[in-house]
Amino acid sequence: MNQHPTTEFITSLIQEGEFFKLKEALKKFEPGEVVELIEEEEEREQLIIFRLLPLELATQVFEYLDLDIQRHFLANLAQDKITDILNEMSPDDRTALLEFLPDELVRELIQTLSEPERKVTLELLGYPEYSVGRLMTPDYIAIRENWTVQQVLDYIRRHGGQSETLSVLYVTDSRGRLIDDIRIREFLLADPQTRVNELMDNRFVHLQTMQDQEEAIEVFRRNDRVALPVVNSDGILYGIVTIDDILDIREEEDTEDIQKLGGSEALDEPYLTISLPKMIQKRAGWLVVLFLGEMLTATAMGFFEGEIEKAVVLALFVPLIISSGGNAGSQATSLIIRAMSLGELTVGEWWKVMRRELLSGALLGGILGAVGFLRILVWQQTGFYDYGPHWFLVGCTVGLSLVGIVLWGSLSGSMLPLLLKKLGFDPATSSAPFVATLVDVTGLIIYFSVATLFLSGTLL
């Protein structure tokens, strides 16, 4: 048995100029292994390795490479090599690459495609950017309902090599309209003379060419499929979308939501490759908005300046009070956005959310209020800090304020994403810092209002 070549061995062959041996050694690698090998090498070595790959392996490797490396290869490989690879690539992966290239280069590359591939690529590029049409591939197996199982199997042997997946076959009528989908196992287990229409149940799940990609994610999740057919408004089968493309989109959506939750715009590129000016542009806007929001906190503090002068002890608990409300709001926001993303709740269920947050907010506030009161009690009784003769009223003020502020934070954090969704905005824009800033201002009002209620006639 031939031993699998090591990365060190491949590198040594490049350095020694043993390109014939290198070409033979690379044939023993799987596509994923070649990708890892290329990513570890410098640009010159990357080109050497890629040029020596057989066409089929080169195409598979190219589809998995990072966009920057793909661009590097397109700029440095011979035109005939590029043409062969683009023609061999699956249409959906080729379209994904072309979307990120300059228009001039896209036009030039499209001209290098074969007639059938050029037609498919232009059709895919004609769909809206975030539509299912951009994800679909026309490489599937379509059969007719009057065929026998044996005819279907023979057809698969002749044409199945070009299909993206063979797990499901699609039944179409004479006009190309989708009428059913049948798993391949049904054909493998059926009698060869059985007709396709005898295996049909006329129940199938499909996507629309103009449907939003986020909706497609939810359809895949609900139906547990590895591929789904895509039809136009007339029901004509145009292609299929496979789970690998959906997983890529889901990763992009989750990344975007997480970045927005952190209080910045979503980055269009990986963190280490995005330019510094663009990074500043993405983050500065929200920071300015949040800073202006926090100015309202200073305004609120100024409004209660008289109370603070009379009872300086109240100022000691301001950071504690406002941070607790902000934390509660951030928790609620994150939970609600994630639940909406997973389809666990809809905007129409806002009342259920409000009831849960009213109860949980009150209980959480009660827990923090008790801890706050206990802290003042222990510090006072042990002599660690003297809160004055009215320490008990101060403790009640802090404890009750925490109940109100945490309750308000939970309600605000849970309702804001639902409100944004109802208005047609992205719920993820109700970021945790944004909610925290909102609760900070209102938290101060609640705190000093409770203080006025408890301490009037004593400290105030």
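This is a predicted model: local features need pLDDT of at least 70, side-chain atom pairs count only at pLDDT 80 or more; totals for chains, interfaces and linings use all residues.
Residues are numbered from 1 along each chain as its sequence is written, and side-chain values use heavy atoms, with hydrogens and water left out.

Let me begin with a pair of helices. With the definition of contact in mind, we can say that Leu55, Ala58, Thr59 and Phe62 in H5 meet Lys81, Asp84, Ile85 and Glu88 in H7. Sorted by class, these residues divide into four nonpolar, one polar and three charged, where Ala, Val, Leu, Ile, Met, Phe, Trp, Tyr, Cys and Pro count as nonpolar, Asp, Glu, Lys and Arg as charged, and the others, Gly among them, as polar. The axes of H5, residues 55-64, and H7, residues 79-88, come within 9 Å and cross at roughly 70°, and that makes H5 roughly perpendicular to H7. Here an axis is a line fitted to C-alpha atoms, for helices over the stretch in contact, and angles run from 0 to 180 degrees between N-to-C directions. Angles under 35 degrees count as roughly parallel, over 145 as roughly antiparallel, 65 to 115 as roughly perpendicular, and the rest as oblique.

A second pair is H4, residues 43-51, and H6, residues 67-76, whose axes come within 11 Å and cross at roughly 70°, and therefore H4 and H6 are roughly perpendicular to each other. On the H4 side the contact is made by Glu43, Gln46, Leu47, Phe50 and Arg51, and on the H6 side by Ile69, His72, Phe73 and Asn76. By class, the contact of H4 with H6 has four nonpolar, three polar and two charged residues.

Which residues touch the most other members of the largest nonpolar core? They are Ile10, Leu26, Ile38, Phe50, Val61, Phe62 and Phe73, in a core of 37 residues. Buried means under 20% relative accessible area, exposed means over 50%, and partly exposed lies in between, with a 1.4 Å probe and protein chains only. Apart from that core lies another, of 26 residues, among them Ala311, Val313, Trp391 and Tyr447.

Val313 deserves a moment, and its place is in the loop between helix H17 (305-310) and helix H18 (318-341). Is Val313 buried or exposed? Val313 is buried, with a relative accessible area of 14%. Leaving aside its neighbours within four places in sequence, Val313 is in contact with Tyr387, Val394 and Leu459; the C-alpha atoms of Val313 and Tyr387 are separated by 7.0 Å, although the two are 74 residues apart along the chain.

Turning to the record, UniProt, in an unreviewed entry, places the feature "transmembrane region" at residues 284-304, 316-337, 358-378, 390-411 and 432-455. Such annotations may be inferred rather than shown by experiment, feature names are shortened, and positions are given in the numbering used here. In the model, residues 316-337 are 91% helix and 0% strand, with end C-alpha atoms 34 Å apart, while residues 390-411 are 95% helix and 0% strand, with their end C-alpha atoms 32 Å apart.

The unreviewed UniProt entry also places "domain: CBS" at residues 136-199 and 200-256. The span 136-199 is 33% helix and 20% strand, with ends 26 Å apart by C-alpha, and the span 200-256 is 44% helix and 23% strand, with end C-alpha atoms 41 Å apart.

Finally, which residues other than glycine have a positive phi? One is Asn202, with phi near 55°, in the loop between helix H13 (196-199) and strand S4 (207-208), and at 53% relative accessibility Asn202 counts as exposed. Another is Asp224, with phi of about 55°, in the loop between helix H14 (213-223) and strand S5 (227-231), and Asp224 is exposed, with a relative accessible area of 67%.

Key. Helices (H or I, at least four residues) and strands (E, at least two) are DSSP runs, numbered from the N terminus. Contact means heavy atoms within 4.5 Å. A nonpolar core is a set of buried Ala, Val, Leu, Ile, Met, Phe, Trp, Tyr and Cys residues joined through side-chain atoms within 4.5 Å.
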